[in-house]
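Please look over the sequence and the model shown here before reading on. The report that follows takes up a few local features, one after another.

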Amino acid sequence: MLSNFQDQEQYLILKSHHIEPARFEQSQAGLLVEKISNISVPTLILWGGRDKLIPAEIGRRFAQDIPGSQLVEFAELGHIPHEEAPQKTALAVKEFLQGQQ
């Protein structure tokens, strides 16, 4: 199964959170990972700290790999923070956009 993952670190993160990596096989995870650092526009990453589908470590890695990006991690939220706490996430988006002016 590991051969389907181009990124062994991602595989290990998923396994450490008791998430079955096979769930992600259909999405061909990792095919564009080499291009993520080419993103050159202001990028806001919203992540739920209790995301059981895609661990917060992945969001942190995105933030590290996307130059100048901003990560807002909501420790108490899960996989869909914008639905779980729409006002809180909208405020984060508003603050991000105001900072881009």
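## A serine in a loop

In this predicted model, a polar atom of the side chain of S69 lies 2.9 Å from the backbone oxygen of I66. S69 belongs to the loop between α2 and β2, the latter covering residues 70-74, and with a relative accessible area of 18% S69 counts as buried, because the cut-off for that class is under 20%.

Leaving aside residues up to four places away in sequence, S69 touches T43, I45, F62 and A63. One of these contacts, F62, also takes part in the aromatic pair described next.

## The aromatic pair

The structure holds one aromatic pair. W47 and F62 form this pair in an edge-to-face arrangement, with 5.7 Å from centre to centre and 70° between the planes. W47 is part of strand β1 (residues 44-48), whereas F62 is part of helix α2 (residues 56-65), so the pair ties together parts that are 15 residues apart in sequence.

The two partners can also be described by their accessibility: W47, at 10% relative accessibility, counts as buried, while F62, with a relative accessible area of 33%, is partly exposed.

## The buried face of helix α2

Helix α2, which contributes F62 to the pair, has buried residues of its own, namely A56, I58 and G59. When the helix is viewed down its axis, the buried residues of α2 fall within an arc of 155°, and they therefore line one face of the helix.

How values were computed: Residues numbered from 1 in each chain as written. Predicted model: local features only at pLDDT ≥ 70, side-chain atom pairs only at ≥ 80, totals over all residues. Heavy atoms only, no water. Phe/Tyr/Trp six-rings, centres within 6.5 Å; stacked < 30°, edge-to-face > 60°. Helix = DSSP H or I, 4+ residues; strand = E, 2+ residues; numbered from the N terminus. Buried < 20%, exposed > 50% of the residue type's maximum accessible area, 1.4 Å probe, protein only. Arc of directions from axis to C-beta. Polar contact = N/O pair within 3.5 Å; in protein donor to acceptor, adjacent residues only side chain to side chain. Contact = heavy atoms within 4.5 Å.
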